Number of protein chains: 2
Amino acid sequence: MELSERKQKILATIVEQYIRTGEPIGSKSLMEILPMKVSSATIRNEMAELAAMGLLEQPHTSAGRVPSHAGYRYYIDHLMHTRELDDDSRRKIESAIGSGSDPEHVLTRAGEVLADLTGCAAVSTTPAGESTRIRRIEMVPVGSRTAMLVLLTSTGILKSRICRTDTPITVPLLERFYNVTRSQLVGKPLSDVHTTAMQTLAASLGADAFSMLPFLAGIAELARDASQTDIHLDGQSNLLGYRELEDNAYELMEFLRNGEPLSALISSSRGDVQVLIGKENKFRQLANSSVILARYDVGGDESGTLGVIGPTRLDYAKLIPSVRFLTDLVGRLLTRSIDDEE
Amino acid sequence: MELSERKQKILATIVEQYIRTGEPIGSKSLMEILPMKVSSATIRNEMAELAAMGLLEQPHTSAGRVPSHAGYRYYIDHLMHTRELDDDSRRKIESAIGSGSDPEHVLTRAGEVLADLTGCAAVSTTPAGESTRIRRIEMVPVGSRTAMLVLLTSTGILKSRICRTDTPITVPLLERFYNVTRSQLVGKPLSDVHTTAMQTLAASLGADAFSMLPFLAGIAELARDASQTDIHLDGQSNLLGYRELEDNAYELMEFLRNGEPLSALISSSRGDVQVLIGKENKFRQLANSSVILARYDVGGDESGTLGVIGPTRLDYAKLIPSVRFLTDLVGRLLTRSIDDEE
DNA sequence: GTTAGCACTCGGACGCTTTGAGTGCTAACT
DNA sequence: AGTTAGCACTCAAAGCGTCCGAGTGCTAAC
């Protein structure tokens, strides 16, 4: 689709103005903003053509124009000048996230910062990937027949669980447990540690199998847990402020609350920053919303996602660099804290 | 305040009807519901007196009556017949919460269940108390100069943190760390493990002090973290469905999102189940809401809180027993999983 | 290709009326 | 004394017509 320079300028201005105000733009007010000096009638003609191409829409006959989804798309792909974050904001973000905490904290904070920064809802997922391994397993007795199992992954994710058995937990049993787990499980990829693998492992233990099985089963569950990405959501309340989301606010909130569709949405994220405008994502509840998704990498094949969910009239020019900056930062922090120079 | 039997009956019926429908009740419709056979005029007289006593309110002259805060209070204190949970719901709750997981999971689940059960927002806090002790400390190297510190409390709360030093982490250092922590810290109350205590402890180590300090400082931070109750919130979106909360929905959500006022609210919870109607809590944002709070105990002096936040027209007769049931269940589960017969 | 001019459209605001649920009061009834 | 029927009154909500103005599309002139 080729647009004359003037049409481009008009489209860009409408998009930017609408993003700022949320009000449809008429030919007259547009005339005052545009740098070129043309009459409103000329602008009307151009706008009519843009509307015919499907780039603009009219809420009703006597209202101004509003960008259509295609209009946003064209703007983002061809017209947008991204505005890099100023140093001040960068520093603010960096200090808000801090540095010395574990991945889960970093991601929670990143979500908070993103929500505040954008005035939208923000999602973050814990890193996951095929090559994630078990870094450590601990078993802490908390009663004569009860123990807390703790599993730490190579991505720095910690999972825990209480486990109960019929036979008392003795020191020899603990030793046996550590022997088995250290030699057979630690260092293995999470995906290798499923329930059936645990059963064959337990079977090979002979006499101890009976007392050991609950704990090995517990480890299997932890491994499964840890290989699933956790989704953290923040700033839902920000969405209540947008008029255009008002009518299906409840649906939207319910959608976000429910982890499954959200994770389906997120798992569609590809490299770099990705923008899904309105119906470009396939969820009815998000038909009036836009989503910005970006991956962060944690070395190896492991990666997670940060995302922003808001109305279609997002300030893409600002948000895309912001999200990119945050994913880079998070990726760097997590890579550093996990891999170091090991 | 003494009320005639008939007035009591009328008040109770208005409260219950209003809780069900959310619509003001007029004398005529009330006449049809009431078991006694009196004319609407008589009811009007009684209602006028109840209104004069401050137990009923009129949204406007030509509307029916609505219970005032005092009316709810009287109803709860004198008229309400609580409806115990049926076995079916009990089983549903029990299976939803499961059993074999750690405190944080249990509480998260309890929050979810409570939100679903009540159609309101639910809060849950992790247990805390003066006597909470350190049960275990682990230090897992994740790089040549980086380690993950893990702290487990006697209440089963796990906290972790990445720590970095300037000197490489060696096997002797690790041994020293475990010696010090096992002998000096494990078993101590969390409140004893503050930063200054750590500094004096480090000082006593002589040569190792320098390399050890960052880790001891990390432990101090973890102890501080662990002694603060974490608040988990669920089901905010449920609140959007209530007309009476609509106008300050945004404020309400922001209030809930912000941990501090929420924890102030929760910390006011006393023994058994406590109901705060409308302005009985001191937060402007909750003036149109009611809060039900209940403590669960985990043996010793440790306890946490479960709560429900919704409109003033909560179904108290059902919710109070529900919340009580859940706190009992959570208390039992956490006590069992933590203390066992140790 | 641009512009001035003009008739036209349509949502939103305003004001008016109607409707009906609900009230308070009075006077009669038990 | 308590209860009831009856009635005038109130007031929010809904419906309706009008006006206003922002904005449009079209035409004819530049």
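In this predicted model, DNA strand D is surrounded by 21 residues, of which the closest are S27(A), R6(B), T42(B), T61(B) and S62(B).

R6(B) uses an N or O atom of its side chain, which lies 2.8 Å from a phosphate oxygen of DNA strand D. S39(B) also approaches a phosphate oxygen of DNA strand D, but with a backbone N or O atom, at 3.0 Å. In chain A, a backbone N or O atom of A63(A) is found 3.3 Å from a sugar or linking oxygen of DNA strand D.

Which elements give two or more residues to the surface near DNA strand D? They are α3 (40–52) of chain A and α3 (40–52) of chain B. Of the elements, α3(B) gives the most, with four residues. Sorted by class, the surface near DNA strand D holds four nonpolar, 12 polar and five charged residues.

DNA strand C is likewise surrounded by 21 residues, and here the closest are R6(A), T42(A), T61(A), S62(A) and S27(B). Sugar and phosphate make up 75% of the atoms of DNA strand C that come within 4 Å of the protein. Contacts with the bases are present as well. The side chain of S62(A) has an N or O atom 3.0 Å from a base oxygen of DNA strand C. R44(B) places a polar side-chain atom 3.0 Å from a base nitrogen of DNA strand C. For S62(B), a polar backbone atom lies 3.3 Å from a sugar or linking oxygen of DNA strand C.

The surface near DNA strand C receives at least two residues from α3 of chain A and at least two from α3 of chain B. Its largest share, four residues, comes from α3(A). By class, this surface near DNA strand C has four nonpolar, 12 polar and five charged residues.

The contacts described above are gathered in the following table.

| Residue | Part of the residue | Part of the DNA | Distance |
|---|---|---|---|
| R6(B) | side chain | phosphate oxygen, DNA strand D | 2.8 Å |
| S39(B) | backbone | phosphate oxygen, DNA strand D | 3.0 Å |
| A63(A) | backbone | sugar or linking oxygen, DNA strand D | 3.3 Å |
| S62(A) | side chain | base oxygen, DNA strand C | 3.0 Å |
| R44(B) | side chain | base nitrogen, DNA strand C | 3.0 Å |
| S62(B) | backbone | sugar or linking oxygen, DNA strand C | 3.3 Å |

The division of chain A into domains comes next. Chain A is divided into domain 1 (5–79), domain 2 (87–128 + 230–341) and domain 3 (134–227). Between domain 1 of chain A and domain 2 of chain A, the C-alpha centres are 29 Å apart. These two domains touch: 11 residues of domain 1 of chain A are in contact with 14 residues of domain 2 of chain A.

Chain B contains two sheets to be considered here. Strands of a sheet pair through backbone hydrogen bonds, either parallel or antiparallel. One open sheet of chain B consists of five strands in the order β7-β3-β10-β9-β8, with antiparallel pairing. Why is one side of β7 (231–234) and of β8 (273–277) of chain B left without a neighbour in the sheet? Both strands stand at the edges and each has a single partner strand, so one side of each has no neighbour there. On average, neighbouring strands of this sheet are turned by 15° against each other, direction ignored. Within the sheet, β9 (residues 289–297) and β10 (residues 303–311) of chain B are joined in the antiparallel sense by nine bridges. For example, S290(B) has G310(B) in β10(B) as its bridge partner.

The other open sheet has three strands in the order β4-β5-β6 (chain B), and its pairing is antiparallel. At its edges are β4 (134–141) and β6 (158–164) of chain B, each of which pairs on one side only. The twist from one strand to the next averages 20°. Strand β5 (residues 146–153) of chain B runs antiparallel to β6(B), and seven bridges join the two. L149(B) has R161(B) as its bridge partner in β6(B).

Technical notes. Residues numbered from 1 in each chain as written. Chains lettered and ligands numbered in written order. Predicted model: local features only at pLDDT ≥ 70, side-chain atom pairs only at ≥ 80, totals over all residues. Heavy atoms only, no water. Pairing = 2+ DSSP bridges. Axes fitted to C-alpha atoms, helices over the stretch in contact; angles between N-to-C directions. Near = heavy atom within 4 Å. Polar contact = N/O pair within 3.5 Å; in protein donor to acceptor, adjacent residues only side chain to side chain. Nonpolar A, V, L, I, M, F, W, Y, C, P; charged D, E, K, R; others polar. Domains from an automatic or database assignment. Contact = heavy atoms within 4.5 Å.
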